[in-house]
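Reader: I would like to read this model feature by feature. Please give the general idea each time, then the case at hand.

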Amino acid sequence: MTGMEARGDAELKKELDATLHARKELGDEYESALVDSFLEKVEQRLDGAVDRRVRRQLAEQQMVVARGSRSPQSSDSFGERFGFGIVSLVLAIPLSAIGGGVAHLPGLLVAWGGIVGVNVVQAARQSPNFFGRRKDNSQGSDWDE
């Protein structure tokens, strides 16, 4: 974990603590606004991380192309997949608490539906045949008739 990530995580934890403390002081009538504010900060943090990763990968691809090499093979290593799963589970805890606390069972179902959806999209991105799609076989075979 880089220093910037650790600092951002500490700031996000402070924001969560402040949000929970404000909810206790302000009561239920401000809960929705507090949750929306906190989720917006989480979204901004995630957007920043995604932007940095995309810029880094584009720069790496441009360097490979500039050197005249082949395009890089899949950069998704086991570590990245494992890390994505861990992050999903870690974020599932506060999302479940917020969804269950605000909207009870429907909120919990929506939170977990989103978590499952994000993981399915990630799995499909890493494995093109995830949904059983076959590669186009331009030559065909006797079995396709």
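Reader: In which helix is the place of histidine 104?

Author: Histidine 104 sits in helix α3, residues 78-126. Helices here are DSSP runs of H or I with at least four residues, strands are E runs of at least two, and both are numbered from the N terminus. Two ground rules. This is a predicted model, in which local features need pLDDT of at least 70, side-chain atom pairs count only at pLDDT 80 or more, and totals for chains, interfaces and linings use all residues. Residues are numbered from 1 along each chain as its sequence is written, and side-chain values use heavy atoms, with hydrogens and water left out.

Reader: What phi does histidine 104 have?

Author: Most residues other than glycine have a negative phi. Histidine 104 is not a glycine, yet its phi is positive, about 60 degrees. Just after α2, glycine 68 also has a positive phi, about 80 degrees.

Reader: Is histidine 104 buried or exposed?

Author: Buried means under 20% relative accessible area, exposed over 50%, and partly exposed in between, with a 1.4 Å probe and protein chains only. Histidine 104 counts as exposed because its relative accessibility is 57%.

Reader: How many helices and strands does the protein have?

Author: The protein has 3 helices and 0 strands. From the N terminus the order is α-α-α. Of its 145 residues, 15% count as buried.

Reader: What span does α2 reach?

Author: The expected span of a helix is 1.5 Å times one less than its number of residues. α2 has 36 residues and reaches 52 Å from first C-alpha to last, close to the expected 52 Å.

Reader: Which residues are buried in α2?

Author: An α-helix has 3.6 residues a turn, so residues three or four places apart point the same way. In α2 the buried residues are Glu31, Leu34, Val35, Phe38, Val42, Gly48 and Val64.

Reader: Where does serine 88 lie, and with which residues is it in contact?

Author: Contact means heavy atoms within 4.5 Å. Serine 88 lies in helix α3. Neighbours within four places in sequence aside, serine 88 is in contact with Ile115 and Asn119. Serine 88 counts as buried because its relative accessibility is 12%.

Reader: And isoleucine 93: buried or exposed?

Author: Isoleucine 93, also in helix α3, counts as exposed, because its relative accessibility is 62%.

Reader: Which residues is phenylalanine 131 in contact with?

Author: Phenylalanine 131 lies in the segment after α3. Neighbours within four places in sequence aside, phenylalanine 131 is in contact with Val120 and Ala124. Valine 120 is 11 residues away in sequence and 9.8 Å away, C-alpha to C-alpha. Phenylalanine 131 counts as exposed because its relative accessibility is 53%.

Reader: How much space lies in the second largest pocket?

Author: On a 1 Å grid over the protein atoms alone, a pocket is an open set of points where a 1.4 Å probe fits, with protein on both sides within 12 Å along at least five of seven lines; lining residues have an atom within 4 Å of a point. Grid points are joined across faces, edges and corners, and a volume is the space filled by probe spheres set on the points. The second largest pocket holds about 230 Å³. It has 13 lining residues, and Leu16, Leu20, Arg23, Val35 and Ile98 are the closest to its centre. α1 (3-26), α2 (31-66) and α3 each give two or more residues to the lining.
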